[in-house]
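Open your viewer and load the model. This tour tells you what to select, stop by stop.

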Amino acid sequence: MSSDLKELRDQINRMDREIVRLIRNRIGIVREIAKMKKEKGIPIFDLRREEELYRGIRSEAKRLGLDESDIEAIFREIVSVSRKIQGEETSVAFLGPRGTFAEEAAREIFPESGTRFVACSSIFDTFRAVSSGGAMYGVVPVENSSEGSVNATLDLLLDSDLMVRGEIDLSVSHNLIVPPGKTLKDIKVILSHPQALAQCRRYLEEHFPAAELRDASSTSTAVEALRNLENAAAIGTSLAARIYKMEIAAEAIQDSSQNYTRFFVLSKNDHDPTGRDKTSIVFSVKHVPGALYSVLQIFAENGLNLTKIESRPTKRKQWEYIFFIDFEGHRSSKVVAEALQKLRERTLFLKILGSYPRRSS
């Protein structure tokens with residue numbers, strides 16, 4: 001071995017030892033933070049803090065000319081170890097079964113280490129898991145860019161005491177999945193959830209015009225069913241392929257690359273202010289001319305930007321509606337608090353669903 005190579009390796013060894021020492025110091029601080037949080041009754045997991053940390057890491061990596069994703073992945077492992085050391089397991093319920101987009105969203109938000117993921121059979125069961133204390137958080141779909149709102153989630157938000165603590169927009173990427181060793185020419189049957197089949201219609205018509213299309217209760221159950229079927233493929237997530245030990249034969253086969261599902265993170269409390277927040281509310285107004293206009297006028301007068309407005313039947317009286325609105329700002333800020341007070345005066349009913357950090361895909 002040349003002396004130059006040995007010197008370079010010695011430099012790496014010295015740097016590695018220094019990295020270990022710095023991690024040790026970080027762990028010491030983490031333990032102190034955990035002690036303080038437990039004394040004050042503050043939850044260990046802080047979504048806002050972790051988002052800020054990763055933003056800072058990506059920014060520094062970019063400044064130094066490093067790959068932002070690679071550096072973030074390294075720090076996600078460090079943070080996972082830190083959370084494990086803090087000694088609190090985070091339990092997260094999601095709309096199952098295993099391998100669904102809801103689980104992908106949950107795993108995008110919450111770290112693998114120190115998190116117990118709980119698959120629920122319905123959106124109602126996901127709400128119930130959090131309400132009963134069976135899980136600290138719940139992850140449920142609220143709307144899709146192609147299919148619209150998820151009515152079951154909106155209905156439960158109206159009646160539940162749970163609040164929205166966070167959100168994530170997840171890109172819906174469908175994959176053609178086959179059992180190990182199977183090739184595309186073997187495929188005679190393709191299974192998936194009806195929405196997934198519809199969203200991949202052009203690909204299926206072009207590549208499998210003669211294949212039988214079968215509906216499944218979810219993309220994940222379709223992938224699992226491949227264990228007992230011959231000459232079949234499924235449309236599902238990459239996570240489902242890993243879980244059920246299948247192979248991805250073709251990636252991103254959906255017709256639209258702009259297909260996103262928005263998920264809410266549910267908890268018994270919403271999120272503290274971050275400076276980049278959104279608030280969701282639901283309300284009803286008198287069935288008289290100008291009633292809705294007088295409510296929307298409050299947002300304009302207070303400079304609050306609406307990001308969503310949707311009406312839904314109350315299901316209590318014919319042609320009576322409630323309105324779901326998302327707008328920028330936190331309910332604890334002065335301007336939002338004053339606007340909400342004015343809203344109470346002009347509405348028959350007003351419920352704050354929660355304030356939470358704005359987050360994109």
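**Stop 1: the whole chain**

Start with everything shown. Of the 361 residues in the protein chain, 45% count as buried. Keep in mind that this is a predicted model. Colour by secondary structure next. The protein chain has twelve helices and 15 strands. Now turn the view around. Along the principal axes, the C-alpha atoms fill a box of roughly 85 × 60 × 40 Å.

Show the surface. The protein chain exposes about 19,300 Å², and 51% of that comes from carbon and sulfur atoms. Then think about contacts. Take those between residues at least 6 apart in sequence: 75% of them join residues at least 24 apart.

**Stop 2: helix α4**

Select residues 101-109, which form helix α4. Pick out the buried ones: F101, A102, E103, E104, A105, A106 and I109.

**Stop 3: E108**

Stay in helix α4 and select E108.

E108 and L170 lie 62 residues apart along the chain, yet their C-alpha atoms are separated by 8.7 Å.

**Stop 4: two helices side by side**

Hide the rest and select residues 291-301, helix α11, together with residues 334-346, helix α12. Their axes are 10 Å apart, and the helices pack at an angle of about 170 degrees. Angles over 145 degrees count as roughly antiparallel, and therefore α11 and α12 are roughly antiparallel to each other.

Zoom in on the contact. From α11 come S294, V295, Q297, I298 and F299. From α12 come A339, K342, L343 and R346. What kinds of residue make up this contact? Five are nonpolar, two are polar and two are charged.

**Stop 5: cysteines**

Bring the whole chain back. Select C120. This residue is buried, with a relative accessible area of 9%. Move on to C200, which counts as buried at 0% relative accessibility. A disulfide is a covalent bond between the sulfur atoms of two cysteines. How many disulfides does the structure hold? The number is zero.

Terms used:
Residues are numbered from 1 along each chain as its sequence is written. This is a predicted model: local features need pLDDT of at least 70, side-chain atom pairs count only at pLDDT 80 or more; totals for chains, interfaces and linings use all residues. Side-chain values use heavy atoms; hydrogens and water are left out. Axes are lines fitted to C-alpha atoms, for helices over the stretch in contact, and angles run from 0 to 180 degrees between N-to-C directions. Helices (H or I, at least four residues) and strands (E, at least two) are DSSP runs, numbered from the N terminus. Angles under 35 degrees count as roughly parallel, over 145 as roughly antiparallel, 65 to 115 as roughly perpendicular and the rest as oblique. Contact means heavy atoms within 4.5 Å. Ala, Val, Leu, Ile, Met, Phe, Trp, Tyr, Cys and Pro count as nonpolar, Asp, Glu, Lys and Arg as charged, and the others, Gly among them, as polar. Buried means under 20% relative accessible area, exposed over 50%, partly exposed in between (1.4 Å probe, protein chains only). Accessible areas come from the Shrake-Rupley method with a 1.4 Å probe; for residues, only the protein chains shown count as cover. A disulfide is a pair of cysteine sulfur atoms within 2.5 Å.
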